[in-house]
Amino acid sequence: MFELLGISSQALFGQLLIGLINGSFYALLSLGLAVIFGMLNIINFSHGAQYMLGAFTAYFLLLYAGLGYWWAIIIAPIVVGITGIIVERLFLQWLYKLDHLYGLLLTFGLALIFEGTFRNFFGSSGLPYSVPPTLQGGQNLGFMFLPNYRAWVVAFSLAVCLTTWFVIERTKLGSYLRAATENPTLVRAFGINVPRMITLTYGFGVALAALAGVMAAPIYNVSPQMGANLIIVVFAVVVIGGMGSIMGAIVTGFGLGIIEGLTKVFFPEASNTVIFIIMAIVLLIRPAGLFGRSA
Amino acid sequence: MQRIAEAGKETAVREHSEAIAFVAMVCVLIIAPFFAYPVFLMKALCFALFACAFNLLIGYVGLLSFGHALFFGWASYITAHAAKVWGFPPELAILSGTAAAAGLGAIVGALAIRRQGIYFAMITLALAQMMYFFAVQAPFTHGEDGIQAVPRGKLFGLIDLANQTNMYVTVLVIFLGCFLLIYRIINSPFGEVLKAIRENEARAISLGYRTERFKLVAFVLSATFAGVAGATKALVFQLASLTDVDWPMSGEVILMTLVGGLGTLFGPVAGAFFMVTLENYLTTIGQWVFVVQGLIFVVCVLLFRRGIVGELAQLLRVKL
């Protein structure tokens, strides 16, 4: 262990790791927001609530079905994704022709309903969810102690993000998606079922949020409010990155997580606000966002 | 001939529909304290003004601010601090709160109008959240406790606001004054340009209007009126707390305006009274309040986009 500017390497790299983990969640959530916005033209305010639903699904699976983390990480995104598809069919599909803001207001209402219901049954205190046995313990890297579970979260999120990027940017399915984002009418004329694609895209974006929620459950406690404050930070991340580029969302998410972690070490008072301050600066210098194209 | 005369009469009624509704509203608000609890009415009036300020932006410029609690809450903090710690008289305390809201409005507005549409909502929400964290950390706001026992003082050194009737009349005068001012702004040439921006910003630009300046001025005005509402609320409840700067408050003012009717003159007032009354009955059900609010959001967006006053105006075929 060594010291840097009077800060022990354990503290520095520990916070960096927390930053990377937060960054993974920012990346997964802003990726989902960007994909949904691209297809549906709706900013999904209930994204934070759906992240919370993912964590709670994992908790319920363990409590009532005895299914552990590895089952949860597969089942929870599917279950929450299906609820997302139901939400899209019941509510969102009526809004596509209206102003963007109605989608935001409707999903805000849904977030209030989800979070209010869970708060009513589970209060505001968190419920514990333990790290899966296979990932307990950690490695001593010399300059820091690396818990296995945290390493897994960073690696797995990165893999999911890159796979999503690959599917959207490099495969045939992705080219349909991108084409439908540009001009849905024309893509429909080619015989592709665009409304079904829109529904499945929403389900997929929501499933990504739920996946992040399952991964967050052992690190933070499972609580009804876990998504509410996170989603506002993710909005700032989206403003900084711009929603035009998938890779942009991933890079901005991880980058801002790291910056936030470093701020916790060097200037803890600003750790809550640093992302918002960066957003203000980016708006002054590059109003379209780091990876955005100006409209 | 007769038909033309009748048609003329009908247009006359239409033209005066807003004036008639205004007189009716004033009458109701003067009689109301004899039937309802004054503190409840004052709360509703503060929120009505807050919603009117918010509506100035969404209803007439088409900008959705998701951070209006910032101006409301910080104005109430500054007013409470000025009245309690600096010993300002109520009129100066309200003015300082309002000035703070206007200043914050200029900063937030200048940043937020750099992006369009949906990003505007996200930026205002994020900046409001940032100022919420400042309010949590700043020592003068007293964190979770808030600024309590704020003295109401004597208005102009003469009128004792500790008296409930005096306070009610003051709040009513402030509300009506701001309401008329907002009406004047909407119906001025400046207001016409704002509506043009709402309908088609690109065309307004092509006609030579510097739309970003108009948007900024509208934003500052909206923030200022929201500040008046927050400042008045701090004196009414003798309290400034974190609830007023947090994001659920921003959501609530959106809901009030939506329920009443976006872009209608009286909608925000009706919506505020509706929501405050509803919440009064719902205090016993705890967290379900959020669920009820969420349901109202969903129903309004899907089935009831014109809101109470919008539907009423449609039914009577008048402007309200």
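Two residues are taken to be in contact when their C-beta atoms, placed from the backbone, lie within 7 Å. All views show a predicted model.

**Helix α13 of chain B, with packing partners in both chains.** The buried residues of α13(B) pack against α4 of chain A and also against α11 (247-260) of chain B. Helix α13 of chain B covers residues 288-303, which is 16 residues. From its first C-alpha to its last, α13(B) reaches 22 Å, close to the 22 Å expected at 1.5 Å a residue. The residues of α13(B) that count as buried are F290(B), V291(B), Q293(B), G294(B), F297(B), V298(B), C300(B) and V301(B).

**The contact between chain A and chain B, seen from the residues of each chain.** Chain A contributes 33 residues to this contact and chain B contributes 34 residues. On the side of chain A that touches chain B, the elements giving two or more residues are α4 (100-122), α9 (228-241) and α11 (274-285) of chain A. Helix α4(A) supplies the largest share of that side, 16 residues. By residue class, the side of chain A that touches chain B divides into 23 nonpolar, 7 polar and 3 charged residues.

**Helix α5 of chain A and the elements around its buried residues.** This helix runs over residues 148-170 of chain A and has 23 residues. The distance from its first C-alpha to its last is 32 Å, close to the 33 Å expected at 1.5 Å a residue. Its buried residues are Y149(A), R150(A), V153(A), S157(A), V160(A), C161(A), T164(A) and I168(A). These buried residues of α5(A) pack against α1 (9-40), β4 (145-147), α6 (172-182), α8 (194-216) and α10 (246-266) of chain A.

Helix α2(A) comprises the 19 residues 47-65. At 1.5 Å a residue, α2(A) should span 27 Å, and its end C-alpha atoms are 26 Å apart, so the two values agree.

**Two loop residues of chain B, Q238(B) and N187(B).** The loop between α10 (211-237) and α11 of chain B holds Q238(B). Phi of Q238(B) is near 55 degrees, a positive value in a residue other than glycine. Q238(B) counts as partly exposed because it has 17 C-beta neighbours inside 10 Å. N187(B) lies in the loop between α7 (164-186) and α8 (189-199) of chain B. With 12 other C-beta atoms within 10 Å, N187(B) is exposed, since the exposed class takes residues with 12 or fewer. Between N187(B) and M275(B) there are 27 Å in space, C-alpha to C-alpha, and 88 residues in sequence.

**Chain A as the setting for the views of α2(A) and α5(A).** Chain A has 11 helices and 4 strands. The radius of gyration of chain A is 19 Å, close to the 19 Å that the globule rule gives for 295 residues, so chain A is as compact as a globular protein of that length. Its C-alpha trace spans about 65 × 50 × 35 Å along the principal axes. Buried residues make up 50% of the 295 residues in chain A. The mean pLDDT of chain A is 90, and 97% of its residues reach 70 or more. Among the elements of chain A, helix α3 (residues 69-90) has the highest mean pLDDT (96) and strand β1 (residues 3-4) the lowest (60). Where pLDDT is low, the predicted coordinates should not be read in detail.

**Chain B as the setting for the views of α13(B), Q238(B) and N187(B).** The secondary structure of chain B comes to 14 helices and 2 strands. A compact globule of 320 residues would have a radius of gyration near 20 Å, and chain B agrees with this because its own value is 20 Å. Along its principal axes the C-alpha trace of chain B extends over about 70 × 50 × 40 Å. Of the 320 residues of chain B, 49% count as buried. Among contacts in chain B between residues at least 6 apart in sequence, 77% join residues at least 24 apart.

Definitions and conventions. Residues numbered from 1 in each chain as written. Chains lettered and ligands numbered in written order. Predicted model: local features only at pLDDT ≥ 70, side-chain atom pairs only at ≥ 80, totals over all residues. Nonpolar A, V, L, I, M, F, W, Y, C, P; charged D, E, K, R; others polar. pLDDT = per-residue confidence, 0-100. Expected span 1.5 Å × (residues − 1). Buried ≥ 20, exposed ≤ 12 C-beta atoms within 10 Å, placed from the backbone. Rg over C-alpha atoms; globule rule 2.2 N^0.38 Å.
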